Amino acid sequence: MRTYLVTGAAGFIGANFLKYILVKYGEDIKVIVLDKLTYAGNLGTIKNELKDPRVRFVKGDIGNTELVSQIFADYDIDFVVNFAAESHVDRSITNPQLFLETNILGTQNILNCAKIAWTTGTDKEGYPTYRSGKKYLQVSTDEVYGSLSKDYDEPHLLVIEDEVVKTVVKGRTKIQTYGKKYFTEETPLDPRSPYSASKTGADLIVKAYHETFRMPINITRCSNNYGPYHFPEKLIPLIIKNILEGRLLPVYGKGENVRDWLYVEDHAKAIDMVLNKGRIGEIYNIGGFNEEQNINIVKLTIKTIARLMDEEPKYRKVLKTDLSNINETLITFVGDRLGHDMRYAIDPSKIAKELGWYPETPFEKGIEKTIRWYLENQDWVEEVISGDYQKYYEQMY
Ligand code: NAD
Ligand code: TDX
């Protein structure tokens, strides 16, 4: 029997992780969800899970010491998985301070409460000792490594020779890339936005608790996720929403920036593996060798929606525009994001080699699954955009 504290599970990745572990572990787990329910957190996302007797929901801030220490007093927490964060780069440009408060100070608060609850005494050298089986996992991002250069303007196909890479890209003989370098766990940290700086600060304090207090921790650094319950301020869900409404599709700069996309459930599986099998104190990069330029993501999304509307007319009922409007003329190039990172590309060899993880969802399948989910869950979209998000959205565009 394991008890998890999952923070930020009313948000995109945390909710997908919660759903994944509840299915996987049957009666063997209990999960305490701690979420502040910011604009990005929505109880509708986890409404079925909230009815599950294995789940307890606590509304509150990860930075609230009294509340978090009470959770550790009330429950014998084994695993902490910290998803809670301010996660949107554009918002970090308009309000950096909130990002530092939640992402850095909030992280330190949970760590410290866990440390107090898990400590059993001190060893001969003065280091704290901990109850066995405990672990704190910090969900981090590839953005802490900064920005890679783009060496190719067009997608470049690399023949796979490395045996570990072959296990990651099962079935593919070539990978598409836009540059020669990849982020490994040894890549120096070089964050460039207030968001990524705050995530880096969080990683460093987690590492410091490990070095100074020997806290049992892991850090995972994942590339861009996509999938169900993704908040429609992020590129893919925003584009889907705008296409269905016949609105323009804002592409920053020239649309040349490259992201490395991973289906959210593959991320959830990786976190579960690191929790259970990851070596204490280690950092694991997570990504699927799936680089693409933003403009191509937008074009593929338009094409896939148009095709689905054609093949399955039942979907047309969600359109708030004419079918004939779904084409590339919707694309509009807008001013670039300040300090816009050019390229992210993760090398996930370490997690593949040590833990046997690989992404199971090819991008073409994942994007179609995601689009179908949005077509079938428009009520969820309406619900999440009716709150504070609406005000923010109106200010931005
Ligand atoms: P999200 O914005 O969808 O969800 C964040 C959740 O945290 C929301 O439910 C929100 O209510 C909650 N939250 C925010 N501040 C809080 C606070 N002070 N106390 C308690 N709860 C709070 O984010 P996401 O996309 O699901 O990302 C989850 C985590 O994964 C973040 O730490 C993010 O940095 C990291 N990450 C995201 C991606 C991605 O592509 N989305 C990739 C790599 C890493
Ligand atoms: O309207 C848009 N137009 C556009 O061109 C938006 C919202 C984004 N973009 C571009 C900016 C990025 O190059 O698309 C790319 C993806 O943007 P986002 O969806 O905002 O994601 P990104 O900035 O890459 O960050 C995401 O991945 C890493 C998550 O939001 C982070 O939380 C995670 O750490």
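The residues of the shell around ligand 2 divide by class into six nonpolar, six polar and four charged, in what is a predicted model. In total, 16 residues surround this ligand. Ser-87, Thr-141, Lys-234, Leu-235 and Tyr-252 are the closest of them.

Two elements, helix H8 (235-245) and strand S12 (249-252), each give two or more residues to the shell around ligand 2. The largest share, three residues, comes from S12. Seen by domain, at least three residues of the shell come from domain 1 (1-145 + 183-222), and at least three from domain 2 (149-180 + 227-261 + 289-335 + 362-391).

A second topic is the packing of two helices, H5 and H7. Their axes are 8 Å apart and form an angle of about 20°. Angles under 35 degrees count as roughly parallel, and H5 and H7 are therefore roughly parallel to each other. Their crossing is right-handed.

| Helix | Range | Residues in the contact |
|---|---|---|
| H5 | residues 96-118 | Pro-96, Phe-99, Leu-100, Asn-103, Ile-104, Thr-107, Gln-108, Leu-111, Lys-115 |
| H7 | residues 194-213 | Pro-194, Tyr-195, Ser-198, Lys-199, Gly-201, Ala-202, Ile-205, Val-206, Tyr-209, Phe-213 |

By class, the contact of H5 with H7 has 12 nonpolar, five polar and two charged residues. Lys-115 in H5 and Lys-199 in H7 are among the residues that meet there, and lysine counts as charged.

Notes. Residues are numbered from 1 along each chain as its sequence is written. Chains are lettered from A and ligands numbered from 1 in the order in which they are written. This is a predicted model: local features need pLDDT of at least 70, side-chain atom pairs count only at pLDDT 80 or more; totals for chains, interfaces and linings use all residues. Axes are lines fitted to C-alpha atoms, for helices over the stretch in contact, and angles run from 0 to 180 degrees between N-to-C directions. Helices (H or I, at least four residues) and strands (E, at least two) are DSSP runs, numbered from the N terminus. Angles under 35 degrees count as roughly parallel, over 145 as roughly antiparallel, 65 to 115 as roughly perpendicular and the rest as oblique. A crossing is left-handed if the near helix is turned anticlockwise from the far one by less than a right angle, and right-handed if clockwise. Two residues are in contact if their C-beta atoms, placed from the backbone, lie within 7 Å. A residue is near a molecule or strand if its C-beta atom, placed from the backbone, lies within 6 Å of it. Domain bounds come from an automatic or database domain assignment.
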